[in-house]
Structure formats: C-alpha cells, structure tokens
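Biologist: Please take a close look at one part of this model for me. I would like the details in one connected answer.

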Number of protein chains: 2
Amino acid sequence: MADHPPGIAAPGALLTDLYQLTMLQGYFERGMFDTAVFEFFARKLPACRNFYLAAGLEMALDYLEQLHFSDAELAWLDGLGRFSSAFLDYLAGLRFSGEVQAMPEGTLFFPQEPILRVTAPLPEAQLVESRLINLLHFQSLIASKALRSVLVADGRLLVDFGLRRAHGAEAAIFASRAAYLAGFDGTATVLAGAQFGIPLYGTMAHSFIQAHDSEELAFEHFARSLPEGLLLLIDTYDTEAAAAKVVALAPRLAASGIRVRGVRLDSGDLGEHARRVRRILDDGGLKEATIFASGNVDEYLIARLLEEGAPIDGFGVGTHLDTSADAPALDCAYKLQEYAGKPRRKRSEGKVTWPGRKQVFRRFDEHGHCCGDTLSVEGDRIEGTPLIVPVMRGGRRLQASPSLEQVRAYVRGQVASLPPALRRLPAAEAYPVQVAPALEALAREADRLIGLATAGPAPSAR
Amino acid sequence: MADHPPGIAAPGALLTDLYQLTMLQGYFERGMFDTAVFEFFARKLPACRNFYLAAGLEMALDYLEQLHFSDAELAWLDGLGRFSSAFLDYLAGLRFSGEVQAMPEGTLFFPQEPILRVTAPLPEAQLVESRLINLLHFQSLIASKALRSVLVADGRLLVDFGLRRAHGAEAAIFASRAAYLAGFDGTATVLAGAQFGIPLYGTMAHSFIQAHDSEELAFEHFARSLPEGLLLLIDTYDTEAAAAKVVALAPRLAASGIRVRGVRLDSGDLGEHARRVRRILDDGGLKEATIFASGNVDEYLIARLLEEGAPIDGFGVGTHLDTSADAPALDCAYKLQEYAGKPRRKRSEGKVTWPGRKQVFRRFDEHGHCCGDTLSVEGDRIEGTPLIVPVMRGGRRLQASPSLEQVRAYVRGQVASLPPALRRLPAAEAYPVQVAPALEALAREADRLIGLATAGPAPSAR
C-alpha cells in the first residue's frame, strides 16, 4: 500500500454497472451524443421517516470532476473482449463536461423532488448513474436518519459510534460525515476526522478493563494516561459497583490534578442504570461528572429515555445510525427526463416519473415553517422559493465547496423550518407536494411523443 | 487521482475508533505488551436467519498483513496533540506480528461460535478490532443473506444488482464477493469483476429505451450493438406490448445472425407478467428466450414466485441483498478472552462472553447433516470436527488464499450439510450449540480471578 494522505482513495471509473458500459457502446456506435437530462429523486417515504435530508453532493461533484478511465482500467476492459477498440479509445478521452443543478447539501426534501440534475452528452450522463446514486443515496439515507436523533436529543451530545457495523470503509466515514452534517457533535471514527475534519470522541473499551487484574487499576491507569476528556466505562462487570469505584478513585486523581469528566454505560437498562449511577456520583461529590450512554441506541431509545427523565448527558449512536437500520435503503432513482430536447418519462407500473427539467418551489407559513412544495418545470413562475441551484458547468464546480460547518449552519435553518408534526418520530401526514399545471402538460407531451395515451394518476407523494 | 490497478485501495490504519489509539497509548505507557487473545463471534440470530455463513477472512488477513501507519497518518495524529512522541514512534514501527485462527470462509456458523481468533501482543490485537469487525461483519452479513436466495432459487440464475443502493463503494464490491461466494452466479458491478474476477452480467436500462423515439428502434439498436448475451428490457412503457415488439423484431435480427437471448421484467406483478410474456414469446417462436426478473427482488419474493410456478429463469437481486435489508446488521463482537495467560470475560448484562481460546466441534448425522455443535476450549478432546484452523503466524498467512471458486465449492459442501429445517426461510428451532464442561470450568476460573461470583445462565444460543 503506497503512502497517501489520510483519507479513502476514489474507487475509479469501473465502479459502475456493466450495462452502463454496454449502453455507452450502443450510444457511441449510433452517434447518440445529444444532450440528456437525468434527475435523482426518491420515491415514497418509509413509514419511519417524515422527511429526507439531502447529503452527498460534494462527493458526487468530486466524482464528476475526477471521472476518467485509467490505462489499467482500459486494459482490463479490453481484456473482457466485449468492447471495440474504437469505443475504448472513446472511453480513454471521456471526461464529464456537463452541468449539474442541485439542492444544497442539508436541504430537506420530499418524495418526487429531484435533488440533483445532470445535463450532459448522453454517454456521460448515463455512465455516472450507478455511482451518483450510490453516493447520494447513502449519505442522504444517513443524514435523514441522523437528524431524527438530533431532533429528539434536545442538545445532548451525540457521537457516531458506527464504524464496526457500517457496511465497509466508505460507509463508515460517509456515515460520520452525514451524521455530523445533520447535527451530530462528532464521531469515534479516526479516518472521518482525518478526511473531513469532524471532531473525534472516544472513551475506552471493555478489553482495557479486562486486560487489568482489577477494574480499579484499569480506571487509574487509564486516567493517568489520558487525563483530558476522561470518560470511564463502568459496565464491564457490575455497573453500580464500578460507579462506586470511580467515586473512590476521584480524590486520589484530583490530588494529581486529574478530573473525572464522566462515565459511560453500555448495557442493561440504560435509564435505570443512569439514575442509580447519577445518585452514586452525586453522593460521592462528582456532581459535574457526566453520564454518556451507548449500546443499541437509536432515536426511539433516546426519546424514551429522555421522556422518562433519565439523567443522560450524551449518546453514542452506532449500528442503528450507520446502517439506517429501520430503513436501510431509500426507494430512489436517477432517470432520463429529456433527450435531444424532447421530454421523456418512464411509464413502468408503480414507477412512473415526471419528465423534463424540474424545479421545486417551497412555501413557508407565518412561523417560517415550510407548508407545501410545488414541483414544476424549470423557469415556471410560481409562488415559493426555488430550491435547485446551478453547481457545476463544463464539468467544473461553479464555486468552492462550503465547509461542513457552513452546511451544519444551513441545516439548523432547515430544522427551524420543519413543521412541528414532521419533527416528531411517528409517521406524520404526508408533507404536501403538488404538481404544477406546466409539468402535467409536459408529461402529456412526453406521452404523446412516444405514442402513448396519457398516464393515469400522478405518482403519489407518500 | 493517481492511476492504480482496478480495485479499491485499502483505507489505511486510521480506519479505527479513537479509543483504540487512546487505549494503545495507555498500554504503551504501562508496558502492557503481553499476549492477548481476542475472538470475533456473533450473538443471537435474528428471527429472519437460521444460520450465518462466514465471509471476509481474506480481507481481514490482507488488512493484518498490510497494517502500518504511514508518515502522513503519523503526522496527522501528531497534529491532534493527544499523543506523546514516544508513543507515535512506537506506532511508526508497529506491524501485526501475531497469530490468527479462523473458520475457513464459507463455513456455516451459529451464535457464540468464534469464527476468528487473534493472538498477539495486546496493542496489536486491540488496534485491529474496529476494522476486523467492519470486514467480517459485513461480508458474513451479506453471505448469510445471499445463501437464502441461493437455497430457494433452485438453480436459477442469480445476479447481484445492488451497487446503486449499497452503502458506499466498498459495500458494493464486498457484497458482490460475498454473494458470489455464497453461490450467486455473478454481479453487475464492474469493479467487483475487476478486483475479484467475479463473472459480470448486464442488460440495459430504461434510459436506453427512453433515449430513442420508439421502443422498437431502441431494441434493434441495442441488439445490433450487443449481439451476444442479448437481454431486452421490456417494462419501460407496457410490458406485454414490448414483448410483442421483441417477437416482431426477432426474425429481422435472426436474418443478421442475432439471436434474442431473453427479456427482463423490472416492475409490476413479476409472476403475472412472466406468465403473459412467456405465452407471447412461445407463441412467437421464441421458446428458448429466457425471462429474467428484477425490481425489489429478495428471497421471499423468489420463493413465492417459484411456488406459484412463475416462468422466470433468473433474478437480479439488488437492494435487499446489498443492504441485507431485513437484518442490516448482526449483533457481533470482538472480545478479549485471555490476557497474559489469564482467561478473561465480560460480564455486562445481556453480553456475557465465554473466556479463553475456543474451538467449535461439529457433529453430523447419518445423512451428513450437521446436528449439533459444542463450544469448548482449544485442545479439548470431544466428539465432532473442529472448525477453527490456523491461518496466520508471525503476521503472515500460512498458505496461499483459496480461489473464490474453491470457496464456492466448499460452500456447496456446507449447503449439503444443512439440515432441511434450516434451509427453509421461516425461523427454525435454534440449531443446538452446547457448551462443554471444560469451557464452563474456565468461565468460573475467569470470574474467580477477577473476584466475581460465578455468572448465572450461559449466554443463549438464539
């Protein structure tokens, strides 16, 4: 492994589906290089989500800017014997030269609303489908999940603990990023700190305790080795007994200028243990020591614990966050909406799409809460704030990327605009997304062009 | 992006949790370099799984062989201001020098059974926890899920279609590999073909159809561009109408020596469409054309379609496979079981572990079906075939990696050993895993050493 700056290397142009390459060969042979318009959007919300939060745009733009086939990749493709040398020569020179319009990262979005549009020569716009979905889907999935914990945690510390059960390396660091973007305070995953500058948090593992002949000794060694940010894990053998050991140890540490910052619970009834441990710490003079909880934590458990008044100051959220366990995938797609100036749409059962280049217009009520979106064609003049903005032209970003801190600030504004019903965990009535007459007319035009009768009911919003 | 051979680059040593590094500094400062034994195992089976299938060992061994901190990584760690220069110097020279014992990839396993053991100086064995879990968890998760489709598909073609909704790049290619290992026929993900030599499959997307002014023209262009392995996607506008167009086109293609191999369905009631399309193809003289189905396919749908007698010859399985959607994570852990010659175990509520270096002994009945496992200490002489074998010593593999084809053959043997009840999709009675007296005695010894009363009931097997 060659040394490289900390971070995960891009996987290259072969991270695509085989059919993209076979279709590209078809386009190439027929000279089909006209401008195509594709849009990425999600279909129905799962019952356990009231909104989506857009994320992954930065990685999507990185991917488009860097897209090329290396010599090694071309040689490997050549070896498959499926592709002509003329086509491989074409691939050797292929770069992404198109435009991208998108909702900024951190924007709330709803079913049928595109969050990204690619406008480019057909082969370029086609090839990038698989990886663009892979990037936008996953980070939006995790950001949407993470924001639910942020909404119920009411300011308590939230840390991503999910590396070990995330689905591979990229999932781990992209989940850290998506969670931080949505309002988490940081992550335990070191590489996410290195690659994205996300604040790192960490305590200690059971193995540290177990490697010592006694828990007391383990606590003292750990405290003296890591005097700052000291959190002691107290559930290895007996949680309350360990809390008493922390109380007993604290004066000796204090004599060396070391303060116990808090304890971590990781098993059992977290609320009940937190109450008992709080009492032990308070009675032992450690009123300022915090209680941090982990172990199977998700937004439902956070909400229940806090409703019960559990004295917990922060949560490590791992597996449920990094896998979006209650909805591990979104029903999303990247579909051709226009080719060579003609509107197009898919009419497959249950998967009918709206054609053309679209814009989403969002309206707000007197409290600043969003109260309804309209999906229409780009350039339509209707009420509401347009959410989709130009971000790339000629294959290059139009402006420098916002920092993650800027995106977090933007998300706080989005959160402030969430209607109260959508902030709660249970399924709310679907947020209203209506379709403008101009878009309905375009759909009729697309059907007519392909020789079909006009489709029936519009795709539903939930 | 520098050119590199097709494949995903290793993410490096910083793909770990912060606490591993802080604990390592603690071990370093206290001179705790004695031999530690950690084991990776899964706890309870989810109700939607009757077995686990071990996968990911090869990547785990690659990781251990390559483990080191690059200069850039060390510089970045130094910049955090958390670590002493003596400790960073130690990290600079750190390599994995230990032993690994493991179940071969493709072995069936059950709750509480370790599939991998690391025996190494404590800091080395500790540091690798996060990434080892990340690697073994995900591939075992997907292999276990994939084998369920293999069991119900009864020889029909199975192809991984999951790249777009897999959780990132590594998840996509590792899912392709785990599915292929478990018996899938191939994948659509090109990079998985390049990196692992997995057979590639692909058809065409709706966009190819939509980019043409008519479906007939799209079919013909595609057929002439890709005369081999020709599968036409027929659900873009109207499935049965498209099947009739394929029939009409076939003689003209045949005149050019091009044979329509089959069609793909991707929406609607797949069974009903398959029956109607089969009739249209048969009546049109295309009796040998196959029907391939995709779109929200998982093992439950495959089982139902085949029970109904749907004439489907193959399936593309995507999102449900690559995210293991009905169980997107396994409850698994990597725990310290021995340090400096002393058995250790965790006693946390609901998470009690069995200490020591363990072996799994599997018994078989007269049909060759496995009928019960015993968990005991390594070296115990009891009935059954020991499943855990040495794979690494001194930080180096003991032998060359088996090919994926060899692992697939081994999996076929494992499948032949599955008792009938465990082959079915519904939850079966838990497979019997018993704990040998020698291991129970070691657990008492571990508790005594740490000054605890002996624990209550053994961890349950389901």
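Modeller: Start with residues 385-441 of chain A: the end C-alpha atoms of that span lie 22 Å apart, and the span is 39% helix and 21% strand. Keep in mind that the model is predicted. An unreviewed UniProt entry places the feature "domain: Nicotinate phosphoribosyltransferase C-terminal" at these residues of chain A.

Now the interface. Chain A and chain B bury about 9,500 Å² between them. Carbon and sulfur atoms carry 59% of that area. The contact draws on 116 residues of chain A and 115 residues of chain B. Twelve salt bridges are counted between chain A and chain B. One of them joins the side chains of E129(A) and R164(B), at 3.2 Å from N to O. On the side of chain A that touches chain B, helix 1 (residues 18-30) of chain A gives the largest share, eleven residues. By class, that side of chain A holds 52 nonpolar, 35 polar and 29 charged residues.

Last, a backbone detail. S324(A) is not a glycine, yet its phi is positive, near 45°. S324(A) sits in the loop between helix 14 (319-322) and strand 12 (332-339) of chain A. Its relative accessibility is 0%, so S324(A) counts as buried. In chain B, S324(B) has a positive phi of about 45° and is likewise not a glycine. S324(B) lies in the loop between helix 14 (319-322) and strand 12 (332-339) of chain B. S324(B) is buried, because its relative accessible area is 0%, and the cut-off is under 20%.

Terms used
Residues numbered from 1 in each chain as written. Chains lettered and ligands numbered in written order. Predicted model: local features only at pLDDT ≥ 70, side-chain atom pairs only at ≥ 80, totals over all residues. Heavy atoms only, no water. UniProt positions renumbered as here; feature names shortened; annotations may be inferred. Helix = DSSP H or I, 4+ residues; strand = E, 2+ residues; numbered from the N terminus. Contact = heavy atoms within 4.5 Å. Buried area = accessible area lost by both parts, 1.4 Å probe. Salt bridge = Lys/Arg side-chain N within 4 Å of Asp/Glu carboxyl O. Nonpolar A, V, L, I, M, F, W, Y, C, P; charged D, E, K, R; others polar. Buried < 20%, exposed > 50% of the residue type's maximum accessible area, 1.4 Å probe, protein only.
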